[in-house]
Amino acid sequence: MTPRIPIADDFPSNVTVVISYPGSHDTTPPPTSAQKPGATQRAQNILILLHGLGDTATKFASFGRALNLPETICITVQAPTPLPSSFIDLPGGGYHWGNDVVFNNDNDARTEGALAMDAGFDRARSLLVKDVVTDTLVKKHGYKLRDIMFLGFGQGGMAALDAARELGLHPPVESEMPVAARMESSAVPWTPSSASAREGRGKVGDRQYHASLSGVVSFGAAYPLSASTVAGSGTKDKTPVLLLAGRDDGSSAVTDTALKRTRDVFEFVEIHRWNRRGDGMPKSREDMLPVMQFFARRLKSRKGVPDGAIELT
């Protein structure tokens with residue numbers, strides 16, 4: 001099944017998204033072959049962008065458009081809860097991913113009394129895992145988890161890592177397994193047990209397949225302390241993770257403890273620290289280099305591949 005190109009109206013009414021398409025400078029989807037003979041819709045990848053605390057999807061979507069990634073649809077999702085107007089004085093307001101507005105109480109003069117990024121992610125998890133990925137991208141449009149990557153900033157990075165873990169434990173469909181494995185074991189039907197399905201695992205003969213996303217890129221945030229760090233049946237999540245942060249001099253939110261917590265949950269975690277104080281977003285081509293290298297490794301491409309070819313993984 002060739003994935004169908006999503007548009008904003010395909011998402012539930014409680015989900016606010018801004019979508020950028022490859023080769024388009026605005027939110028206009030590319031023409032279908034029915035609308036324009038010979039037109040092709042090469043969109044092998046979905047990059048879901050999650051803004052930081054107090055931002056909006058409209059503003060953060062400019063980052064996705066600037067990436068201009070080939071064969072990749074960028075979907076910027078807005079956090080579900082608006083911040084009270086007393087906390088943000090900007091046109092259009094701002095939104096947050098937490099269960100509630102929580103203030104830091106960490107005895108650190110630099111952050112004491114500021115809004116806390118880690119405020120629980122139950123509401124955000126439901127929106128991202130169920131409404132965005134499972135019900136819309138996977139079940140309605142035919143994408144697989146391997147086609148989908150998250151990118152988040154600050155609190156959005158925490159929400160992305162939390163959602164990735166949940167999708168690994170509870171994959172959207174039981175048939176989330178490599179084509180090659182299905183072909184190799186055609187004589188042995190793949191029937192995951194209820195336990196393995198809950199844990200995000202299926203069996204092909206004596207092999208196990210662990211459902212995972214294409215990857216997660218998180219700027220200035222690690223796996224949240226409020227989320228569960230218990231790996232299903234002792235198995236870490238297979239989704240590759242790239243963390244980007246400032247120098248490890250006490251000014252970064254990605255501390256050694258936070259990094260260890262992330263590695264307790266995800267098997268493949270790479271960290272790149274910029275030579276500057278504090279975290280934030282990339283400010284130069286040099287800052288973006290590890291991100292683009294991660295994209296090059298993890299995003300799929302069908303350039304030069306004949307139509308009808310089958311991918312063996």
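This is a predicted model: local features need pLDDT of at least 70, side-chain atom pairs count only at pLDDT 80 or more; totals for chains, interfaces and linings use all residues.
1. For the chain as a whole, the average pLDDT is 80, and 71% of the residues score at least 70.

2. On to the packing. The largest nonpolar core has 49 residues, and Ile48, Val77, Trp97 and Phe150 have the most contacts inside it. Elements supplying at least two residues each include β2 (45-50), β3 (72-77), β6 (148-153) and α3. Helix α2 gives the most, with eight residues. Another core lies apart from this one; it has 20 residues, among them Leu47, Phe60, Leu67 and Leu244.

3. A word on α3 (residues 155-169): its 15 residues reach 21 Å from first C-alpha to last, close to the 21 Å expected. Of those 15 residues, 14 are buried, so to speak a mostly covered helix.

4. Now the rings. The whole structure has four aromatic pairs. Phe60 and Phe63 are stacked, at 6.0 Å centre to centre and 20° between the planes. Both sit in helix α1 (residues 57-67), three residues apart, about one turn of the helix.

5. Phe63 also pairs with Phe219: the centres are 6.1 Å apart and the planes at 90°, so this one is edge-to-face. That pair links distant parts of the chain, with Phe63 in α1 and Phe219 in strand β9 (residues 215-219), 156 residues apart. Phe63 and Phe219 are both buried. Together with Phe60 and Trp274, they form one aromatic cluster.

How values were computed: Residues are numbered from 1 along each chain as its sequence is written. Side-chain values use heavy atoms; hydrogens and water are left out. pLDDT is the predictor's confidence in each residue, from 0 to 100. Helices (H or I, at least four residues) and strands (E, at least two) are DSSP runs, numbered from the N terminus. The expected span of a helix is 1.5 Å times one less than its number of residues. Buried means under 20% relative accessible area, exposed over 50%, partly exposed in between (1.4 Å probe, protein chains only). A nonpolar core is a set of buried Ala, Val, Leu, Ile, Met, Phe, Trp, Tyr and Cys residues joined through side-chain atoms within 4.5 Å. Rings of Phe, Tyr and Trp (its six-membered ring) pair if their centres lie within 6.5 Å; planes under 30 degrees apart count as stacked, over 60 as edge-to-face and the rest as tilted.
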